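Colleague: I have the sequence and the coordinates open side by side. Could you walk me through what stands out?

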Amino acid sequence: MKGHDTAALVLRATLGPMLVAHGWNKVAGPGGLMGTTGWFEALGLRPAEVHARMAAGTELAAGVGITLGAAGPLPAAAAVGLMTVAARTDHRGKGFFVFKGGWEYAGVVGGTAVALAALGNGRYSLDGLLRRQRAGVGPALLAAGIGTVSAAALLAVCYRPDEKPNETDD
């Protein structure tokens, strides 16, 4: 397909560095890792310090993997997992639009990662160089499935938000 490899490169060059920037910001942005830990504590992710490091590391690794076009569709699965957790914790109940705190950004990033898994990393990638191309419905379902199931498991075990006074069963 004409343009397939270029489309994959453009998607990877957009999504990957953005994830790297977000991961780096969790470590070295205003407030640094301590600020990210406090934010995750407020969200209810326990233990917050572990989750702050895990989220930053996963964003960095997924971003590099997507940028280089390596190990597809696993970096896409990591992006889906990250965005699923973000949508469920930080963006939940705030509607669609990100400027109101909604899940728009998380949905677009997660959907783009699944689309990239379906498209494959293309010829201009590390996977292409190594002739390990994976594309189609299978890799897309794998990225969506691994990401969503991993996020659900993490949330089931580690998500403990503080109850607000109006959320009790009294």
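This is a predicted model: local features need pLDDT of at least 70, side-chain atom pairs count only at pLDDT 80 or more; totals for chains, interfaces and linings use all residues.

Colleague: At what angle do helix 3 and helix 4 pack, and how far apart are their axes?

Modeller: The angle between helix 3 and helix 4 is about 145°, and their axes are 8 Å apart.

Colleague: Which residues meet there, helix 3 against helix 4?

Modeller: From helix 3 the contact takes Ala55, Thr58, Glu59, Ala62, Gly65 and Ile66, and these meet Pro75, Ala76, Ala78, Ala79, Leu82 and Met83 of helix 4. Sorted by class, the contact consists of 9 nonpolar, 2 polar and 1 charged residues.

Colleague: And the core, which residues touch the most other members?

Modeller: The largest nonpolar core has 30 residues, and those touching the most other members are Leu15, Leu19, Phe40, Leu45, Ile66, Ala113 and Leu155. Two or more residues each are given to this core by helix 1 (4–28), helix 2 (32–43), helix 3 (48–68), helix 4 (74–89), helix 5 (104–119) and helix 7 (137–158).

Colleague: Which helix gives the largest share of this core?

Modeller: Helix 4 does, with 7 residues. As general background, nonpolar side chains in soluble globular proteins tend to be buried together.

Colleague: What does Ala113 touch, leaving out residues up to four places away in sequence?

Modeller: With those neighbours left out, Ala113 touches Leu15, Ala76, Ala79 and Val80.

Colleague: Now Gly16, is it buried or exposed?

Modeller: Gly16, which is found in helix 1, counts as buried because its relative accessibility is 0%, and the limit for buried is under 20%. Once residues up to four places away in sequence are set aside, Gly16 touches Leu11, Gly63, Ile66 and Thr67.

Colleague: Switching to the aromatics, how many pairs does the structure hold?

Modeller: There are 4 aromatic pairs in the structure. In one of them, the ring centres of Phe96 and Phe97 lie 5.1 Å apart with the planes at 75°, so this pair is edge-to-face. The rings of Phe96 and Trp103 also form an edge-to-face pair, because their planes stand at 80°, with the centres 5.1 Å apart.

Colleague: Which residues form the aromatic cluster?

Modeller: Phe96, Phe97, Phe99 and Trp103 form one cluster. As for accessibility, Phe96 is partly exposed at 39%, Phe97 is partly exposed at 41%, and Trp103 is partly exposed at 43%.

Colleague: On phi, what is the value for Ala71, and what for Arg131?

Modeller: Ala71 has a positive phi near 60°; this residue is found in the loop between helix 3 and helix 4 and is partly exposed, with a relative accessible area of 32%. Arg131 has a positive phi of about 60° although it is not a glycine. Arg131 lies in the loop between helix 6 (126–129) and helix 7, and at 77% relative accessibility Arg131 counts as exposed.

Technical notes. Residues are numbered from 1 along each chain as its sequence is written. Side-chain values use heavy atoms; hydrogens and water are left out. A nonpolar core is a set of buried Ala, Val, Leu, Ile, Met, Phe, Trp, Tyr and Cys residues joined through side-chain atoms within 4.5 Å. Buried means under 20% relative accessible area, exposed over 50%, partly exposed in between (1.4 Å probe, protein chains only). Helices (H or I, at least four residues) and strands (E, at least two) are DSSP runs, numbered from the N terminus. Contact means heavy atoms within 4.5 Å. Rings of Phe, Tyr and Trp (its six-membered ring) pair if their centres lie within 6.5 Å; planes under 30 degrees apart count as stacked, over 60 as edge-to-face and the rest as tilted. Axes are lines fitted to C-alpha atoms, for helices over the stretch in contact, and angles run from 0 to 180 degrees between N-to-C directions. Ala, Val, Leu, Ile, Met, Phe, Trp, Tyr, Cys and Pro count as nonpolar, Asp, Glu, Lys and Arg as charged, and the others, Gly among them, as polar.
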